[in-house]
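Colleague: Could you take a close look at the aromatic pairs for me and walk me through what sits around them?

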Amino acid sequence: MSRHDFLTGIRQHKFMQTLFPPQSEEPHPVADFGRALTLMGGLWDETFLRIPRNGYTTLNAYLRGVYPADARFCSATPEIIADVDFNARSDAASLKEVDVGVVRACFGVAETGAVFLSDHHLCVNTLSAMAKNLVVLLDVQHIIEHLHLAHRQPQPFNARYTIMITGPAAMADSESALMLGAKGVKSLRVIAI
């Protein structure tokens, strides 16, 4: 929506129609998720999903090709071979040297581009903040349309803690200087599987 349309709607007292335009008849959650995640500074990666399944490319090989050869991986998923071993009793400070942390999301929210992670998927809750780059594996069948449907998912009620991440950590000062990774991950890549 353009600035002109927005201001015209307000002038004509069409607040609801301007702020909440009617949705398209048929929702496209995967495309909407990718668009929202990109707007929030994340990377939506559908490349692996589109690779022909002829047996020569694994998710581990694909991901290792995306990052530099000397990158240290820490993985909370069985699909990715980790360079740094950890478990639920690992010291959080041991993750500060991790270049790439890999986790699997319970579900994603198309409206916001957020991914839902819980203690079952993170193993150590600081993995989502201590790794320099966070890679989230997201099954496209588990993308819901909007946040109002998130409470219907069983995962929030079966976990000790949960977190929803929408993009890389960022902060901006009064001079509008944006710093990525100032208080968390520098990049968030969500890989469609």
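Modeller: There are four aromatic pairs in the structure, counting rings of Phe, Tyr and Trp (its six-membered ring) with centres within 6.5 Å; planes under 30 degrees apart are stacked, over 60 edge-to-face, the rest tilted. One of them is Phe48 with Tyr62: the ring centres are 5.8 Å apart and the planes meet at 40°, so this pair is tilted. It links distant parts of the chain, with Phe48 in helix 4 (residues 47-50) and Tyr62 in helix 5, 14 residues apart; helices here are DSSP runs (H or I, at least four residues), numbered from the N terminus. Phe48, at 9% relative accessible area, is buried, and so is Tyr62 at 14% (buried is under 20%, exposed over 50%, partly exposed in between, with a 1.4 Å probe and protein chains only).

Tyr67 and Phe73 make an edge-to-face pair, 6.1 Å centre to centre with 80° between the planes. Tyr67 is buried at 10%, and Phe73 is buried at 1%. Arg64 lies over the face of Phe73, 4.0 Å from the ring centre; that label needs NZ of Lys or CZ of Arg within 6 Å of the centre and within 35 degrees of the ring normal.

A word on the source: this is a predicted model, where local features need pLDDT of at least 70 and side-chain atom pairs pLDDT 80 or more, while totals for chains, interfaces and linings use all residues. Residues are numbered from 1 along each chain as its sequence is written, and side-chain values use heavy atoms, leaving out hydrogens and water.

Key
Helices (H or I, at least four residues) and strands (E, at least two) are DSSP runs, numbered from the N terminus.
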